[in-house]
Amino acid sequence: LEKEYRREDDWCGGGGSSEKSQTIVQLIAKHHQQKEAFLKACTLARRTAETFLNMLVKLVAQESHVLQFWTKRKKSLDHCQQFVLFEKSAKQAIEWIHNTGDTYLSSRTNLVGKTHEDTENLLKEHNEFRGTAKETRERVKLLSELAKSLVDKGHAHASSIQQWVTSVNNRYNDFSNRMDSYREQLEQSLGMSVQGISDTSSVSTTSTDRHSDPSLEAKLVSTSISSREMNEEKRKSARRKEFIMAELMQTERSYVKDLETCITVFLGEFRNAGTNSNAPNAPPQALMGRERILFGNIEEIFNFHQKIFLRELEKYESCPEDVGHCFVTWASKFDMYVHYCENKTLSNDLIVNMLAPTLTISNIGTKLSTLCQPI
């Protein structure tokens, strides 16, 4: 699997046909199935680890490598799928302009009615066609917004996406300018004042005109709002995942820092003072030689979180939905907390039993001052 995932493939080369889009969807589904099968196999291997204990470390390392390359390939597949769909939409927009828009304008080049009534009918027909063109304008606007978002995020096919969106915008703007010119020609023939900016003159224009179809306008607005709401919901979902992952990372880093402080300030000072029992900050004699009971396996916990678990979590910062696997992989290591919790009772009892007889109201302050830090 690692060799396969390392291989660089271009799944979306050659254009965005519907067959290729379907093929990529199937590849993504297969990619997910491979991951599930792989994780099941790794889980089964752990359960029977006694038979190949010497290989377990290698297995865990290999598992981590495979998942890293799986994530990399998944990102490549996602980028290819996005590009293929984007390219397909861009081609559809250009095809509409060529097959429908240009055909309409070509049939009406310099065409003005012989009578006032004929010209009015041509203008009415023109405004109806502009209503159809509005739908294409909305698609072009969405393509521009999507292209900007993908390019800003460092998409693997950013240059190709930029070329497509530039081509679509140029093609549409040329078409809309010719639409405006023909409309002005008709209005001048009727002796009407030329309207301002047209609905089709700019990809970013949102103004309406007096000849637009209200029902079509409402439909477009409704579709646009619905699309924005869906995109906003997706963004909120992504932000929630990012927030949860960021909070998890912050908590883990703070925990590692706190463990380091405990070991440096408390355990370190305890050991230093233990070498000189007459030192002014030496712990009570009753606690000397009881380091293992007092502090348990706190160093083992610190080493695991600092050197292994924190680094493993950092690998999933860009794909928080898979972070659960990190806990599954290292689940057995958390058994060290069983020993720590069992020892905590002994630690508390030792402090209470050894110090309680000497801690009276009159000398409690003096006794506490003999501890370098409260344990």
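What span should the 37 residues of helix 4 have at 1.5 Å a residue, and how far apart are its end C-alpha atoms? The sections below answer this and then turn to side-chain contacts.

## Helix 4

The model is a predicted one. Helix 4 covers residues 116–152, and at 1.5 Å a residue its 37 residues should span 54 Å. Its end C-alpha atoms lie 52 Å apart, which agrees with that expectation.

The helix has a kink of about 25 degrees, and the kink is centred on Thr-132. Just after helix 4 comes Gly-154, which takes a positive phi of about 75 degrees.

## Helix 3

Helix 3 runs through residues 56–106 and contains 51 residues. From its first C-alpha to its last it reaches 73 Å, close to the 75 Å expected at 1.5 Å a residue. At Ile-97, helix 3 bends by about 30 degrees.

## Aromatic pairs

The model contains 11 aromatic pairs. One of them joins Phe-270 and Phe-295: the ring centres are 5.6 Å apart and the planes stand at 70 degrees, so the pair is edge-to-face, the cut-off for that class being over 60 degrees. This pair links distant parts of the chain, with Phe-270 in helix 6 (residues 214–274) and Phe-295 in helix 7 (residues 291–295), 25 residues apart. Phe-270 and Phe-295 are both buried.

Ring pairs also connect Phe-304, Phe-309, Phe-327, Trp-330, Phe-334 and Tyr-337 into a cluster. A contact of another kind involves Trp-70: the charged end of Lys-35 sits over its ring, 4.5 Å from the ring centre.

## Salt bridges

Side chains of opposite charge can pair when their charged atoms come close. The structure holds 21 salt bridges. One of these is between the side chains of Asp-9 and Arg-7, with an N to O distance of 3.2 Å. Asp-9 has a relative accessible area of 29% and is partly exposed; Arg-7, at 44%, also counts as partly exposed. Both residues belong to a network of salt bridges that links Glu-4, Arg-7, Asp-9 and Arg-73.

Within helix 5 (residues 158–189), Asp-180 and Arg-183 are 3 residues apart, so about one helical turn separates them. Their side chains meet in a salt bridge of 3.9 Å, N to O. Asp-180 counts as buried at 10% relative accessibility, and Arg-183 is buried with a relative accessible area of 1%. A further salt bridge joins the side chains of Lys-315 and Glu-312 at 2.9 Å, N to O. Here Lys-315 is partly exposed, at 36% relative accessible area, whereas Glu-312 is buried, at 13%.

## The loop between helix 6 and helix 7

Gln-285 is located in the loop between helix 6 and helix 7. Its relative accessible area is 58%, and the residue is therefore exposed, since the class begins over 50%. Gln-285 is 69 residues from Met-354 in sequence, and their C-alpha atoms are 9.3 Å apart in space.

Definitions and conventions: Residues are numbered from 1 along each chain as its sequence is written. This is a predicted model: local features need pLDDT of at least 70, side-chain atom pairs count only at pLDDT 80 or more; totals for chains, interfaces and linings use all residues. Side-chain values use heavy atoms; hydrogens and water are left out. Rings of Phe, Tyr and Trp (its six-membered ring) pair if their centres lie within 6.5 Å; planes under 30 degrees apart count as stacked, over 60 as edge-to-face and the rest as tilted. Helices (H or I, at least four residues) and strands (E, at least two) are DSSP runs, numbered from the N terminus. Buried means under 20% relative accessible area, exposed over 50%, partly exposed in between (1.4 Å probe, protein chains only). A charge sits over a ring if NZ of Lys or CZ of Arg is within 6 Å of the ring centre and within 35 degrees of the ring normal. The expected span of a helix is 1.5 Å times one less than its number of residues. The bend at a residue is the angle between axes fitted to the seven residues ending there and the seven starting there. A salt bridge is a side-chain nitrogen of Lys or Arg within 4 Å of a carboxyl oxygen of Asp or Glu.
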